Amino acid sequence: MRRQFAKSINSIIETNPRLIFFTGDLGFSALEEVQEKLGPRFVNVGVAEQNMISMAAAAASKNFISICYSIASFAVFRPFEQIKVDVCLHNGNVKVVGNGGGYGYGIMGATHHALEDIAVMRTLQNMRVFLPAFNSDVHANAEEMVRHIGPCYLRLNSPVKMSLRMPVSNYAGWTKLSNGVDLVIVAAGSILSSALILAKQFPSRIAVWQLHETPIHRMPDELLGDLARAQKLLVLEEHVGPGGIGEALAAILLEMHNEGPKVQFQRAYARGYPSGKYGSQLWHCEENGLTGAHLMAQVSNMLDK
Amino acid sequence: MYRNVNAGHVGCSLSAAEILTVVKFSWFQPGDELILSKGHAAAALYSVLAEYGDIHDTDCATFYQEGTLYAAHPPPGKIPGIRFATGSLGHGLSLGSGLALANKLDDDNARIYVVCSDGEMNEGSTWEAVLFAGHHKFANLVCIVDRNQIQGFGRTEDVISLGDLGAKFRQFGWDAVEVPGHDVDALSELYTSEICRSRNKPLAIICNTIKGYGYCELENTVACHYLPMTEEQYSKMVPPPGANGV
């Protein structure tokens, strides 16, 4: 997904002469062309994420569009106060791009995982959080992120490579990926592949909805219709439960009171490192019940009830 | 201002008052930027901005009160002359470096003055910015350190010894100079000195100051960072008209 992001930026910079690209010393084998094209507007700040964010905010205050790139964990947590104060408090035109959201960095270990990034970023005023799942989302998200004037966070991960995708026209907050009448699964990012596998295994029974960004302003009428019909919702996220998209959706449904669909609500989310051991992204997702047998059991149980 | 609302941080403003005054009235040119990284000296900044004409005295009069823009630390984007909210230490020099970078890309020679506290030199992010600005030779970036030797809960050399700050800046690729920070003439003359005029590096000005300068018995104490001013202290510092032959 980072190569797709680099490709998107390569095209976006053609029409954005005020774009500055900051990197926290990352991007080997992906950002070389961006670096070459941008010349002095490509700034490797070194391993110094706090300085990167504040400088990006200052440049944004001089009418530049600042993009800050690093591994998701380093882009969000180390400079969180700089993002909160220097960027969001000023509604600065700064785009934080984190590669390897969730367990994306797999065997690299816990220091490189970002399981709480959506939670903390979505609490910040003015912040839009983009959650691409497919490579084609990356370009749409990157374009929307640069078009929007204000803070954004783009969470890159491994792209979903499955073909259950419905035709997508323009960028939207939601996309329906499969039809089904007995259960609705909402997911964001690459963990959508788990939902799509289940939708294939239970044809016409599971409606899969992709969430593209937070804050979630509203749920589409078609999604509300699916929920009213199925009366069951599973939110799947490669992220810890607290502050995740599951909690965000639960709040929306609660706030709808009697006007909203009544659903059995369940979540499958990351619990960190239950065994204390490490492996690939897929291994961690399996251990956390985000894919594989445990998720299958949870879904089967919901379908059978 | 402090006396009117019984607010603390008096000492922090008094150590930086001459610095801010000279930067704004003697050094400042159109397009230049002043960032008060030690945002807890906001009252000094508001006063200087009012004298300079960026804001009105009546604005300053709302300092610290309910519904004011003039909070104890500068807010974002609403007050002329204040580009960034500051108050959390360790941000200002990075913000200044970002402005210097933006100016360089725009071929703009305007100067950026960042006023930091010496306690703020404990922050790692400050040194990230020092490294970056030194590496990129931001000749229009000036870091002014209010070296009053006192921080939040002790004397700087007891908490985290800063030693020879000028030498540290030089090691990071900056020019550095030390001046008496309450000497308005010395500060003003610095602007036309050789080290200020012909530079190809960022400049650190270490201003040796006294925390709570002129603040009665609280001068040069940790307490003057926090304690509000009593009526008696105020009278001593600002004698009423006619007193002492004035």
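In which helix of chain A is A:M52 found? In this predicted model, A:M52 belongs to helix 3 of chain A, which spans residues 49–61. A:M52 counts as buried because 33 C-beta neighbours lie inside 10 Å of this residue, the threshold for burial being 20 or more. When neighbours within four places in sequence are left aside, the contacts of A:M52 are A:F22, A:G24, A:V45, A:C68 and A:P79.

The largest nonpolar core comprises 161 residues, and the residues with the most contacts inside it are A:F21, A:F22, A:A56, A:C68, A:I185 and B:I144. Helix 2 of chain B (residues 10–27) gives the most to this core, contributing nine residues. From chain A, domain 1 (2–155) and domain 2 (174–304) each supply at least three residues to the core. Within chain B, B:I144 touches B:I19, B:Y113, B:V114, B:V115, B:C116, B:I205 and B:C207, not counting residues up to four places away in sequence.

The contact between the two chains takes 22 residues from chain A and 19 residues from chain B. On the side of chain B that touches chain A, the elements giving two or more residues are helix 5 (92–105) and helix 6 (124–135) of chain B. Helix 5 of chain B provides the largest share of this side, namely eight residues. Classified by residue type, the side of chain B that touches chain A has ten nonpolar, seven polar and two charged residues.

Key
Residues are numbered from 1 along each chain as its sequence is written. Chains are lettered from A and ligands numbered from 1 in the order in which they are written. This is a predicted model: local features need pLDDT of at least 70, side-chain atom pairs count only at pLDDT 80 or more; totals for chains, interfaces and linings use all residues. A nonpolar core is a set of buried Ala, Val, Leu, Ile, Met, Phe, Trp, Tyr and Cys residues joined through C-beta atoms within 7 Å. A residue is buried if 20 or more other C-beta atoms lie within 10 Å of its own, exposed if 12 or fewer, and partly exposed in between; C-beta atoms are placed from the backbone. Helices (H or I, at least four residues) and strands (E, at least two) are DSSP runs, numbered from the N terminus. Domain bounds come from an automatic or database domain assignment. Two residues are in contact if their C-beta atoms, placed from the backbone, lie within 7 Å. Ala, Val, Leu, Ile, Met, Phe, Trp, Tyr, Cys and Pro count as nonpolar, Asp, Glu, Lys and Arg as charged, and the others, Gly among them, as polar.
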